[in-house]
Amino acid sequence: MAIKERMSGNEAVSYAIRQINPDVMPAFPITPSTEIPQIVSTYIANGEIDTEFIPVESEHSAMSATIGAEAAGARSLTATSSAGLALMWEELLLAASNRLPLALALVNRTLSGPININCDHSDGMGARDTGWIQIYAENNQEAYDNFLQAYPIAENPNVHLPIMICQDGFITSHAVENIELLEDETVREFVGEYQPEEYLLNPGKPIAVGPYSVSNYAMEGKKNQEIALENAKQVILDVAEKFRAVSGRGYGLFEEYKTEDAEYIMLMIGSAAGTAKQAVDDLRDQGKKVGVLKLRVFRPFPAKEIAEALRHAKAVAILDRCESYNGNGGPLGGEVSAALFRNKVMIEAVNYIYGLAGRDFTVSDACDIFGELEDMVQNGKEVEQYQYVRLRK
Amino acid sequence: MSDYSLKTIMNKPERLAPGHRMCAGCGATIAVRAVLRALHEEDQAVIGNATGCLEVSSFMYPYTAWEDSYIHNAFENAGATLSGVETAYRVLKKRGRLPEDANFKFITFGGDGGTYDIGLQSLSGAMERGHDMVYVCYDNGAYMNTGIQRSSATPMYADTTTTPVGKQSNGKMQNRKDLASIIADHDVPYVAQTTFTQNFADLHQKAEKAIYTEGAAFLNIMTPCPRGWRYDTPEIMDICKLAVETCYWPLFEVEHGKWTLSYEPKKKLPIEDFLRMQGRFKHLFKKGNEDLLVQFQKEVDRRWEDLQYKCARER
């Protein structure tokens with residue numbers, strides 16, 4: 001029986017953690033993810049779960065201890081945001097290269113500077129090449145559902161990689177919405193017990209973790225990581241199918257909203273997709289053929305699948321909630337454009353940077369973007385291929 | 001522990017296999033083997049290691065010299081990494097996922113760079129949280145792995161590659177950090193400072209206490225580095241002896257806040273005796289540099305007096 005509740009994104013992820021009852025959680029406070037370790041600590045204090053919480057002295061140590069615990073054979077996780085993720089950066093690479101299927105609840109917040117606590121994706125995007133699986137949520141329901149799927153994906157023997165479950169800071173993490181929760185028993189059965197094959201605390205079977213990797217072996221190690229990340233794509237879909245069976249909610253690599261006959265598609269990640277969907281509904285009422293492609297899985301990047309989904313559109317607006325400082329566009333803009341080119345889908349593609357450091361993104365912003373795409377295609381209007389939304393002139 | 005016999009403990013199976021690639025006569029491996037000999041044979045261990053000579057030379061894929069489970073993570077986080085391992089042990093025990101009779105001990109090794117400097121925060125966190133582990137610093141007084149750069153453990157006036165002696169320089173300008181004291185101030189149950197003495201009894205007994213005292217423990221072991229210190233490799237035991245007899249490297253322990261001298265030289269030798277054997281201090285013996293030796297001696301005396309004061313205090 002599904003449980004109907006009202007909670008914030010942070011509460012939802014914490015609730016998922018309670019239901020999973022993982023072994024070890026080291027964490028360090030940072031806005032806006034702080035509530036997650038707080039709520040988990042309260043569950044522990046009240047005896048609702050017996051996870052071991054390590055109140056570490058920094059995020060670097062949080063990820064270091066999570067790695068130590070996971071390598072030792074314990075199902076482990078941490079939570080962070082922004083500068084916390086940046087401080088972990090070195091360790092993110094080690095978690096992935098040591099093939100440790102640990103989880104991280106990321107509550108997306110902009111990176112300094114200047115210091116600002118509000119949402120954008122610069123933290124998660126900054127970690128896009130660290131070898132992690134990255135799954136993003138539009139709302140609290142997805143954050144909860146994605147977190148429940150995290151370990152079955154990461155611990156799959158064909159994957160064995162760390163996984164980042166991302167939600168938008170404040171917009172999702174602190175806003176209270178309706179949510180449907182699974183029964184504890186259902187979750188435990190769905191997630192299952194962690195049974196690592198090789199681990200530090202395997203009695204009588206010692207292992208060594210974290211070698212100096214000589215050049216003669218290092219490259220194969222890196223390629224194996226890449227293969228594992230590719231394997232994750234199918235595993236993510238398989239796990240989603242199993243999740244649908246227990247929850248009734250289906251997930252893919254991305255969600256297509258009214259794209260079937262769409263001439264203009266807006267492609268984005270996270271909570272702003274909800275805003276864009278409203279714009280699509282409004283414009284559809286006016287007879288416009290528009291749709292939204294909301295990317296759920298950013299790593300592994302579903303390049304081919306995205307290109308196919310866009311093949312019959314006239315133009316795509318690629319929205320990045322992150323500046324990449326390469327003088328050429330945001331991270332999503334670059335990767336989607338490359339995907340289109342490589343798969344010979346030669347449609348117009350405009351890259352918009354929006355919502356940095358918590359700047360609002362509204363239905364009218366989305367409508368304006370759709371309007372600009374149409375103007376470009378129908379009237380040959382020259383459009384800046386890489387531009388900012390709602391920038392103060 | 002009173003029936004300590006070097007011969008007996010040397011017959012225990014080695015837990016660091018030969019064939020690793022550390023320099024001949026390296027102090028670090030001598031320290032590691034000595035610490036591991038203090039593990040009771042029936043106990044298993046997980047060894048942690050900060051990045052450094054020891055790590056890159058003992059675990060080069062696909063070979064490892066470690067007989068126990070071993071984890072190297074990065075340079076600055078050996079304390080935090082082993083915190084995670086030790087916590088995993090407690091939770092797996094609690095949840096019945098380890099056999100009742102599986103006893104694991106947790107020991108991590110770091111050089112002075114990974115311990116006094118870049119790893120200090122992580123070490124401090126692990127000590128303050130009281131994980132049941134031993135952090136062993138093998139202190140050779142510089143970043144030897146990257147080529148003898150100064151650390152905060154490098155003694156004053158030492159010639160290193162980032163404090164080179166030259167026309168305008170007499171080597172490192174600052175005194176070394178007193179890390180054992182800093183960790184003792186974390187109020188952990190056990191802290192000790194040691195090095196290689198005659199029959200290794202001091203090191204062995206302290207390692208055993210550190211491993212078998214419940215809670216966080218810290219061992220600071222002076223481990224000469226023939227390359228960085230520039231002495232004749234076979235002279236290592238003489239160097240260690242002089243470090244102790246000059247009171248440059250006093251042997252002491254701090255048990256639950258109680259400071260105790262492990263050894264008091266009958267006649268404290270002048271610091272020159274320790275310095276003269278090492279190429280990194282050669283410039284101190286040049287004509288005109290007599291005052292530097294006086295300054296060095298003053299610092300040794302000051303610290304020795306401070307230590308004696310701490311050890312005399314009632315607790």
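Start where the two chains touch: select 41 residues from chain B and 37 residues from chain A, which make up the contact (two residues are in contact if their C-beta atoms, placed from the backbone, lie within 7 Å). This is a predicted model, where local features need pLDDT of at least 70 and side-chain atom pairs count only at pLDDT 80 or more, while totals for chains, interfaces and linings use all residues. Residues are numbered from 1 along each chain as its sequence is written, and chains are lettered from A and ligands numbered from 1 in the order in which they are written.

Stay on chain B's side. Strand E1 (44-49), helix H3 (53-58), strand E2 (69-72), helix H4 (78-94) and helix H6 (120-129) of chain B each bring at least two residues to the side touching chain A. Helices (H or I, at least four residues) and strands (E, at least two) are DSSP runs, numbered from the N terminus. H4(B) gives the most, with 13 residues.

Now pick strand E9 (residues 208-209) of chain A together with E2(B): they pair in the parallel sense over 2 bridges. Strands pair if DSSP finds at least two bridges between them. Click Ala208(A) and you'll find its bridge partner in E2(B), Tyr70(B).

Zoom in on E4(A) and strand E5 (residues 103-108) of chain A: they run parallel, joined by 4 bridges. Thr80(A) has Leu106(A) as its bridge partner in E5(A).

Then select helix H6 (residues 140-154) and helix H7 (residues 184-191) of chain A, which pack at an angle of about 25° with their axes 9 Å apart. Axes are lines fitted to C-alpha atoms, for helices over the stretch in contact, and angles run from 0 to 180 degrees between N-to-C directions. H6(A) and H7(A) are therefore roughly parallel (angles under 35 degrees count as such). Show the side chains: Leu148(A), Tyr151(A) and Pro152(A) in H6(A) meet Val187(A), Phe190(A) and Val191(A) in H7(A).

Finally, zoom out to see chain A whole. Its secondary structure comes to 12 helices and 16 strands, and its C-alpha atoms fill a box of roughly 75 × 55 × 45 Å along the principal axes. Buried residues make up 55% of its 393 residues (a residue is buried if 20 or more other C-beta atoms, placed from the backbone, lie within 10 Å of its own).

Notes: Parallel < 35°, antiparallel > 145°, perpendicular 65-115°, else oblique. Buried ≥ 20, exposed ≤ 12 C-beta atoms within 10 Å, placed from the backbone.
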